[in-house]
Each structure stands twice: as structure tokens, then as C-alpha cells.
Amino acid sequence: MSKQVVSVAALAMGLSFASSAMGAIRITEWMYSDQEFIEITNTGAAAIDLAGWSFDDSTRTPGSFAIGSLGILAAGESAIISESAAADFRTAWGLSAAVKIIGGNANNLGRSDEINIYDSFNNLIDRLTYNDQTIGGPRTQNKSGNIAFANLGANAANLAIASVGGDAFGSFASVNGEIGNPGIYSDIPAPGVLAFAAAGSVVALRRRRI
């Protein structure tokens, strides 16, 4: 294989990395029971249109619950998938109209369950399988679990962190007494940092070609 072919392949791989770094939807927080919810966050540096995207639990069925009405998630922006009506959830947690919420999710979560996010092509984008009795991690009944940035996308519920009022994730109590921080994910680097890292990886590959 010629150096030119190798360098082209390496550059393509670098561009692929850059693309994934520029936009990535990840599961960042969840809670079951009462005001249960799933928080997803765009952890990349570019906006992502969720048209055609969906959620399902342990049945792993793409398209089961459509979330496309959440629209476009800007870099660093979070959105909520809620069992209760969006207006009720917003009121319970005192969230502003700027926080995107889709309510009426009938794929209810339990103590042992799974969260699956699919894109418009039914590709699995992120998965979180959790069970505090067998996998480990916090029991998220009326108290959410948070996933640190370094563990996003790893499907490692045992590394999740239980919400505590006033913690580093900005957790607080809802009007019903649940503890969480839905709508804002605070453990994400500035979008410019991710974009710089992606660009740096491509530059490094180009230098290797020379």
C-alpha cells in the first residue's frame, strides 16, 4: 500500500473523529418513578437536528417513542424526555421555557431497565443499561443519576453519581421532593475545546503524512 493511500485513510479516520467530536448526543442523567425523566445532551461543538430520532427502553425498538419534536440541540444544550406532560414537568422542576421537554413517554423506566437513543436512520447512538442491584451505581428512584463527562457513552451505570442537593451538577429538589438537575448538564467542556481537539487530530494526521 502506497504512502498516499495510507495517508488518505488516516486523514479520513481523523475527519471521522473530528465529525464525531463536533456533535454527539449522550445520555447524561436519568431518574425513574414519579417525575421520571431522561436527559440527553449535545456534548459536541455543532448543533444536531433530532428530527426522526427516537427513544426506547429495554425492548430496544427504534422508533418506539419519537423525540424529533425536541428540534435542534445546540452545542452543550440538554433536553428532557419525560413520562409526565411537558408542562407538568416544567412546573415541578421550575424550568424555564428555554429548556426543551417532550412529555408523554409511555416507555416507563423501572429499577432495572435500559435507555436507548436512536437517530433518524435507526442507528443506536447511546445506551445506558442500569440496575443498582446487579450492575451497581445509584438507585435512581426519585433521585437522579448523573454521568460524568469522562464516562459518557460507556454504558457504565456503575460509575453514575447520585444527585445530592447543591452538588457539582447543580442538583436541587423539585416541588415534589425529588432530587436532580434536569435540563442543564454542567460537566461538559466548552464547545471550543472540543472543536480545537478535533481540529488538532486532523492536523496531526496531516503532519504524519508529510
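**Exercise 1. Which residues of α2 are buried, and how are they placed around the axis?**

Solution. 
Step 1. Work on the predicted model. In α2, the buried residues are F89, A92 and W93.
Step 2. Look down the axis. These residues cover an arc of only 85 degrees, which puts them on the same side of α2.
Step 3. Recall the geometry of a helix. An α-helix has 3.6 residues a turn, so residues three or four places apart point the same way.
Step 4. Turn to the other side of α2. There, A87 and T91 are exposed.
Step 5. Find the cover. The buried residues of α2 are covered by parts including β1 (25-31), β2, β7 (78-82), β8 (100-102), β13 and β14 (179-180).
Step 6. Go past the end of the helix. G94 follows α2, and its phi is positive, near 65 degrees.

**Exercise 2. Classify the ring pair of F37 and F89 as stacked, tilted or edge-to-face.**

Solution. 
Step 1. Take the distance. The ring centres of F37 and F89 are 5.6 Å apart. Rings pair if their centres lie within 6.5 Å.
Step 2. Take the angle. The planes stand at 65 degrees, so the pair is edge-to-face. The cut-off for this class is over 60 degrees.
Step 3. Check accessibility. F37 counts as buried at 1%, and F89 is buried at 0%.

**Exercise 3. Which parts does the pair of W93 and F172 tie together?**

Solution. 
Step 1. Describe the pair. W93 and F172 are edge-to-face, with 5.5 Å from centre to centre and 85 degrees between the planes.
Step 2. Locate each residue. W93 sits in helix α2 and F172 in strand β13 (residues 172-173), so the pair joins parts 79 residues apart in sequence.
Step 3. Compare accessibility. W93 counts as buried at 3%, whereas F172 counts as partly exposed at 31%.
Step 4. Widen the view. Ring pairs link F37, F89, W93 and F172 into a cluster. The whole structure holds 5 aromatic pairs.

Conventions. Residues numbered from 1 in each chain as written. Predicted model: local features only at pLDDT ≥ 70, side-chain atom pairs only at ≥ 80, totals over all residues. Heavy atoms only, no water. Phe/Tyr/Trp six-rings, centres within 6.5 Å; stacked < 30°, edge-to-face > 60°. Buried < 20%, exposed > 50% of the residue type's maximum accessible area, 1.4 Å probe, protein only. Helix = DSSP H or I, 4+ residues; strand = E, 2+ residues; numbered from the N terminus. Arc of directions from axis to C-beta. Contact = heavy atoms within 4.5 Å.
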